[in-house]
Amino acid sequence: MVEWLLSFWSFSAKTEDDESFKGLMDAASCSAGSPVEAPVTENGDLTTIVGAVRDDDCAPAGARSCESALQPGSSDGPRSSRWVTLNVGGRLFTTTVATLTGAEPHSMLARMFSGGTEWLRPSDRDGSGAYLIDRSPTYFEPLLNYLRTRQLVLDQGVNPAGVLEEARYFGIDSLLSRLEAMVAGAPQSPPSADHAPLTRREVVRALLSTPSEASLRFQGVDFTGADLSKLDLRNINFKYACLRDCNLNSCNMTGCCLERADLSGARMDSAQLSCVRMLCANLELTCMRSCNFEDPGGTRANLEGANMKGAILTGSNMSSINLRVATLKNANLQDCDLRLAILAGADLENCNLSGSDLHEANLRGANLTNTAFDLMLTPIHMSQTVR
């Protein structure tokens, strides 16, 4: 038995005289083999009429059209051409059921609108009746356009990897290979402007806009590879900053805070570094030839705990510098002025101190394995090295 449903409501008793209704009742009586009367309520209103047609019978034309419109799984007739609105991540998209079900019949969207009533719960709609889908609208839009035109077009700035993820989620299998190829061949996106290293131009602009008596803070800022040579950078806070591979030749960095900053591979030849604070800074393989660390006022440059493996400091004035427990393994300190320097507990293994002045320097507890002391200007007293 194939059941068909004819629903009528808000009809008055006068509707019974209507010619179209009379014709429909005559057709129903013919199919049933007996007269069919319209049931009415006590107020004279028509109630719902339910009839049954055998499989070998022919339903009336009016009943057949109603049946097609009411069947959720029908792919032809009024349902396939009707418009639906999707609320994807807060953005509304309006399309037809035919678009969603025609191009990819096995996709999630096709299943939602091709008969599975379990997909169409009232709770899945917003206040305007649009179907709620919790996905990214930016990456959904190219997929919807593909279902409309069978052409994949990505606007500038749309990441193919995001569209690929949505295609997998919605089950649009015909796009997967194309998007995977696009992702595999896509060039690496440039770093965001918010995270790109600062350039010399930007640093100079900041210096010019800051009064000389004000303190400038570049804490945690990335300067990787920047050319900052010959700039006046006095008293700037570079704590935790990344100055890797920077050109700092002939800079004036007096009084700068460089605690835990990364200066590995930087070039700092002839830099002015008096009164600097470089506690636990990374100066591995840094070139610091002919630098000045001495302050006429007596304030020590503090490099306690710094990593200076392989650093080159030849000819530098390091008088009174604090290098307590610093790592200077394989560093070159040839011809340096290290008078009154504090090197207690420092790792000087394979360090070259040839020709350096270590007068009254504190070397207690330092690791002097294979350290070169050739051509010393002043002899080292034993008390300088005993704990």
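The legends below describe close-up views of a predicted model.

In this predicted model, local features need pLDDT of at least 70 and side-chain atom pairs count only at pLDDT 80 or more, whereas totals for chains, interfaces and linings use all residues. Residues are numbered from 1 along each chain as its sequence is written, and side-chain values use heavy atoms, with hydrogens and water left out.

**View 1. The chain as a whole and the confidence of its prediction.** The chain has 387 residues, of which 40% are buried (under 20% relative accessible area, with exposed meaning over 50% and partly exposed in between, for a 1.4 Å probe and protein chains only). Its secondary structure comes to eight helices and five strands, these being DSSP runs numbered from the N terminus (H or I over at least four residues for helices, E over at least two for strands). Along the sequence these elements follow the pattern β-α-β-α-β-β-α-α-β-α-α-α-α. Of the contacts in the chain (heavy atoms within 4.5 Å) with a separation of 6 or more, 30% are between residues 24 or more positions apart. The mean pLDDT, the predictor's confidence in each residue on a scale from 0 to 100, is 80 for the chain, and 72% of the residues reach 70 or more. The pLDDT is below 50 over residues 1-17, a stretch that has 34 contacts in the model beyond near neighbours in sequence. The pLDDT is also below 50 over residues 47-78, for which the model has 52 contacts beyond near neighbours in sequence. Where pLDDT is low, the predicted coordinates should not be read in detail.

**View 2. The packing of helix 5 against helix 6.** Helix 5 (residues 137-149) and helix 6 (residues 160-170) pack at an angle of about 65°, and their axes are 9 Å apart; axes are lines fitted to C-alpha atoms, for helices over the stretch in contact, and angles run from 0 to 180 degrees between N-to-C directions. The two helices are therefore roughly perpendicular to each other (65 to 115 degrees, with under 35 counted as roughly parallel, over 145 as roughly antiparallel and the rest as oblique). On the side of helix 5 the contact is made by Tyr139, Phe140, Pro142 and Leu143, and on the side of helix 6 by Gly162, Val163, Glu166, Ala167 and Phe170. By class, this contact has seven nonpolar, one polar and one charged residues, where Ala, Val, Leu, Ile, Met, Phe, Trp, Tyr, Cys and Pro count as nonpolar, Asp, Glu, Lys and Arg as charged, and the others, Gly among them, as polar.

**View 3. The packing of helix 6 against helix 7.** Helix 6 and helix 7 (residues 176-185) pack at an angle of about 155°, with axes 9 Å apart, and are therefore roughly antiparallel to each other. Helix 6 contributes Pro160, Ala161, Val163, Leu164, Ala167 and Arg168 to the contact, while helix 7 contributes Leu176, Leu179, Glu180, Met182 and Val183. These residues divide into nine nonpolar, no polar and two charged.

**View 4. The surroundings of Ser274.** Ser274 lies in the segment after helix 8 (200-209) and is buried, with a relative accessible area of 5%. Leaving aside neighbours within four places in sequence, Ser274 is in contact with Thr254, Gly255, Asn292, Phe293, Glu294 and Asp295. Cys256 is 18 residues from Ser274 in sequence, and their C-alpha atoms are 8.8 Å apart.

**View 5. The surroundings of Arg267.** Arg267, found in the segment after helix 8, is partly exposed, with a relative accessible area of 36%. Leaving aside neighbours within four places in sequence, the contacts of Arg267 are with Asp245, Cys246, Asn247, Leu248, Asn249 and Cys287.
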